[in-house]
Amino acid sequence: MSQLVAQRYPSVPELLLRARQLAALRPDLGALRQIGVSRAGRPLHLLSVGRAPRAVLVVAGAHANEPTGGSTLLHLAERTLRDPRLRADTSWHFLLCADPDGASLHRTPAPRTLLDYHRNFFRPAGPEQPEWSPSVLPPHRLPPETRALTGVIDELRPYLQVSLHGTDLGGSWVQLTEDIPGLAEPFAKSAAELHIPVETGASDAAGWPVSGPGVHVLPGPEVGAAYPSLPEDARLTTWHHAHRYGGRTAIVEVPMWASDLVADPAAHPAPGPAMRALARRLRRDGRLVDEILGEALPRLADADGPLLRAARWALALAPGLADDWGRLPPADTTMAYIGSVDAFGRRVPLRAAAMLLRVLVEADDRAAPRLDRLVTRWSEAFAERFRARWVPLEHQVEHQSRTTVAAACHARVGLG
């Protein structure tokens with residue numbers, strides 16, 4: 001594994017430099033090209049390896065705060081160049097970063113703690129996320145990053161798209177837009193070998209059928225959302241765009257910090273009361289941040305910058321989400337699911353607070369020290385409650401790479 005991958009998360013310019021080097025190593029097999037630009041004019045690049053018409057598309061950087069994918073993408077590109085078996089009947093295509101504007105605002109080259117991670121946190125509002133925007137925006141308002149991604153899918157018609165995602169603290173899981181039989185076994189084996197817990201009750205996939213521990217399959221339209229207040233619908237995202245060509249998408253999640261609390265399949269002794277308690281905490285924490293925002297907002301000159309838009313969008317999710325948790329039966333009753341929801345409920349206000357804090361610090365606002373104490377306390381409590389342990393970057397990358405290759409191999413079965 002390269003030194004760049006093994007030691008820290010690369011920036012987008014570093015990704016591009018390494019991609020150029022890889023393409024130059026084997027110009028007969030590799031090619032690097034620009035496939036679009038971001039809203040701010042930053043280029044989006046695609047690295048291709050192999051010439052076979054059957055294609056796999058790998059997407060990194062769809063969420064700015066999930067940096068592992070860039071390192072995994074480099075590792076996969078190197079591996080496909082080295083191993084002729086992987087490209088015998090498949091070409092591989094790597095979108096280096098789906099959201100370079102977001103990546104420029106979230107900086108985590110080598111976080112030491114969860115607090116370090118949140119000090120420079122950024123995750124765009126939902127309508128500005130390239131994969132999710134089609135689920136909340138009409139076609140004529142889609143950002144250019146989304147149009148570039150769907151354009152590549154239209155061109156390549158991949159039998160498999162893999163979107164490399166990550167979580168700050170928890171376990172690893174896979175979401176599939178259509179089942180890939182046989183994937184669960186190599187996924188679980190890899191996680192066990194690398195000491196990464198499998199998040200068997202991932203709140204991101206609440207209510208989804210499973211084809212194996214931690215492998216969740218998108219339900220059909222007849223199944224309602226587990227959290228009706230959330231605006232996004234996975235069936236309308238770019239994940240589903242590959243289906244028009246007979247393809248499917250695998251979303252591979254890997255944690256930066258691991259916690260065994262999200263991997264316990266035992267039944268929770270009181271899931272309903274636990275969910276209602278988590279709902280109350282979410283309402284309370286959201287109000288705390290909202291009060292600071294309301295007090296500081298008249299003093300802020302840039303009331304519509306990306307950090308503040310994202311903070312306000314995250315805060316707006318909290319009341320409806322708390323209502324869902326408080327009034328609906330739990331989508332799952334395991335310890336793992338309640339643990340995953342607990343983590344989700346901590347993230348929403350903490351991320352909003354972290355992004356608002358950056359705005360307040362930049363403005364030298366008098367509310368910044370109070371919010372800084374809140375971000376510090378919540379980050380430390382999150383890590384302590386979940387007994388967070390760092391997953392070495394090389395293990396994050398290796399697990400995501402293995403799962404991607406396994407998904408490609410198993411999805412190819414039956415294609416002829």
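This is a predicted model: local features need pLDDT of at least 70, side-chain atom pairs count only at pLDDT 80 or more; totals for chains, interfaces and linings use all residues.
Which residues in H8 meet which residues in H11?

**First stop: H8 and H11.** Select residues 271-296 for helix H8 and residues 368-385 for helix H11. Within H8, please highlight Asp 285, Leu 288, Val 289, Ile 292 and Glu 295; their partners in H11 are Arg 370, Leu 371, Leu 374 and Trp 378. Sorted by class, this contact comprises six nonpolar residues, three charged residues and no polar ones.

Next, consider how the two helices are placed. Two packed helices are described by the angle between their axes and the distance between those axes. Here the axes of H8 and H11 come within 11 Å and cross at roughly 160°. Angles over 145 degrees count as roughly antiparallel, and H8 and H11 are therefore roughly antiparallel to each other. The crossing of H8 past H11 is left-handed.

Select Asp 364, which lies in the loop between helix H10 (335-362) and H11. Its phi is positive, near 55°, although the residue is other than glycine. Is Asp 364 buried or exposed? Asp 364 is exposed, with a relative accessible area of 70%.

Move to Arg 157, in the loop that joins helix H6 (144-156) and strand S5 (160-170). Arg 157 is not a glycine, yet it has a positive phi of about 50°. The relative accessible area of Arg 157 is 53%. Exposed means over 50%, so Arg 157 is exposed.

Terms used:
Residues are numbered from 1 along each chain as its sequence is written. Side-chain values use heavy atoms; hydrogens and water are left out. Axes are lines fitted to C-alpha atoms, for helices over the stretch in contact, and angles run from 0 to 180 degrees between N-to-C directions. Helices (H or I, at least four residues) and strands (E, at least two) are DSSP runs, numbered from the N terminus. Angles under 35 degrees count as roughly parallel, over 145 as roughly antiparallel, 65 to 115 as roughly perpendicular and the rest as oblique. A crossing is left-handed if the near helix is turned anticlockwise from the far one by less than a right angle, and right-handed if clockwise. Contact means heavy atoms within 4.5 Å. Ala, Val, Leu, Ile, Met, Phe, Trp, Tyr, Cys and Pro count as nonpolar, Asp, Glu, Lys and Arg as charged, and the others, Gly among them, as polar. Buried means under 20% relative accessible area, exposed over 50%, partly exposed in between (1.4 Å probe, protein chains only).
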